[in-house]
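Please open the model in your viewer and keep the selection panel to hand.

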Amino acid sequence: MDLTMLAYNNSAGDYDSKFSTYSVYKKRIYDFAEILSPGSRILDLGCGSGINAEIMQSQGHSVTGLDSSESMLDLARRRCPEQFFIQGSVNSLGDSLKRYDLNVPFDALCLSFIIVHLNDEECYDLLKILRSLIKDDGLLYLSFMPLAEGKTPGYEKTSFSEDEIYFHYHNTDVLISILIESGFRLESRIVEEYEEKDGSVTADLFLMFRSTGGDPQYVL
């Protein structure tokens, strides 16, 4: 993921300019933030430049954002100075949470297009620990590009970056099964089309889960 992080460091401003005005993604986050309990504590993994954090903040929630790109975090801290942003990788999430002594569990989790930069093994490992980070009856927001014909994992240039970024297209049924087995219930499923730089169309999938009862151990 190092090359991907470097690409985001180099293109943070262009990324922010594009997606801070992209209404499709923003609406999905607004919908998520509006149904959370007032004053929820949200862990935003792959928080980027703070676009989502700003929306969640506007609905009265507090956000802890984690990202591997310091350039993105600089933008996020300027956009939402009252929220808390930390540098770290989701591949070593437990270490990051312990380093900053974060108060786990959270009321909600936001994973907005972060698993698209993880291979299958990395993604599955992350999904399997999410239940330990969220309270009972908490909400999980997950968005990604599902596996589809003609879509293969690899490094690609994007509309906001000339440097190549690693993208992975995940099997939706497998991800849902992992989360259900981990203690989540699928609540909503929305598909939106996204036009790529070359004119092709990619399906973006937005899933909402609710954590079910049980006795999760809040230790990573």
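Two strands pair if DSSP finds at least two bridges between them, and strands (E, at least two residues) and helices (H or I, at least four) are DSSP runs numbered from the N terminus. This is a predicted model, in which local features need pLDDT of at least 70 and side-chain atom pairs count only at pLDDT 80 or more, while totals for chains, interfaces and linings use all residues. Residues are numbered from 1 along each chain as its sequence is written, and side-chain values use heavy atoms, without hydrogens and water.

Select the strands to begin with: seven of them form an open sheet of mixed pairing, in the order S3-S2-S1-S4-S5-S9-S8. Strand S3 (84-87) and strand S8 (184-195) are at the edges, each with a single partner strand, so one side of each lacks a neighbour in the sheet. Next, colour S8 and strand S9 (residues 201-211), which run antiparallel and are joined by 11 bridges; Arg185 stands opposite Arg210 in S9.

Finally, select the cysteines: the structure holds zero disulfides, a disulfide being a pair of cysteine sulfur atoms within 2.5 Å. The sulfur of Cys110 is 9.6 Å from the closest cysteine sulfur, in Cys47, too far for a bond.
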